[in-house]
Amino acid sequence: MASSKRQTTMAKLNRERKVLEKRERKQEKKAARLAAAEAGLYDPETGEFVAAPAKADETDAEADADADTDA
């Protein structure tokens with residue numbers, strides 16, 4: 001006698017969907033951390049995001065421009 005296929009219950013489908021969604025969120029977080037680390041905005045040793053370093057070129061140029069207008 002041939003055995004019939006059992007249908008997957010909605011509860012199992014929902015559990016599997018939640019696992020896949022959690023896995024996707026984890027991958028997105030990992031990608032964001034890697035991108036931030038490459039940009040210098042994430043410290044992997046402490047596990048914290050840090051403020052973006054100020055660009056010295058822009059601040060120096062602005063200070064020179066201000067000095068020229070005051071003189």
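The mean pLDDT comes to 78, with 68% of the residues reaching 70 or more. Helix H1 has the highest confidence, at a mean of 93, whereas helix H2, which spans residues 56–70, has the lowest, at a mean of 57. Where pLDDT is low, predicted coordinates should not be read in detail.

**Fold and surface**

The secondary structure consists of two helices and two strands, and, read from the N terminus, these elements follow the order α-β-β-α. Of the 71 residues in the chain, 3% count as buried.

Which side chains meet in a salt bridge? Those of arginine 17 and glutamate 21 do, with a distance of 3.4 Å from N to O, and a search of the whole structure finds one salt bridge. Side chains of opposite charge can pair when their charged atoms come close. Arginine 17 and glutamate 21 are four residues apart in helix H1, so about one helical turn separates them. Arginine 17 is partly exposed, with a relative accessible area of 42%, and glutamate 21 is likewise partly exposed, with a value of 32%.

Lysine 18 also lies in helix H1, which covers residues 10–39. On the surface, Lys18 gathers with Lys22, Arg25, Lys26, Lys29, Lys30 and Arg33 in a patch of positive charge. Is lysine 18 buried or exposed? Lysine 18 is exposed, because its relative accessible area is 58% and the cut-off for exposed is over 50%.

| Residue | Relative accessible area | Class |
|---|---|---|
| Arginine 17 | 42% | partly exposed |
| Lysine 18 | 58% | exposed |
| Glutamate 21 | 32% | partly exposed |

Taken together, helix H1 holds the pair of arginine 17 and glutamate 21 as well as lysine 18, and the mean confidence of helix H1 is 93.

Technical notes. Residues numbered from 1 in each chain as written. Predicted model: local features only at pLDDT ≥ 70, side-chain atom pairs only at ≥ 80, totals over all residues. Heavy atoms only, no water. Patch = residues over 30% accessible without salt bridge, like charges linked within 9 Å, V, L, I, M, F, W, Y side chains within 5 Å. Areas by Shrake-Rupley, 256 points an atom, 1.4 Å probe, with all protein chains shown as cover. Salt bridge = Lys/Arg side-chain N within 4 Å of Asp/Glu carboxyl O. Lys, Arg positive; Asp, Glu negative; His and termini not counted. Charge placed at Lys NZ, Arg CZ, Asp CG, Glu CD. Buried < 20%, exposed > 50% of the residue type's maximum accessible area, 1.4 Å probe, protein only. pLDDT = per-residue confidence, 0-100.
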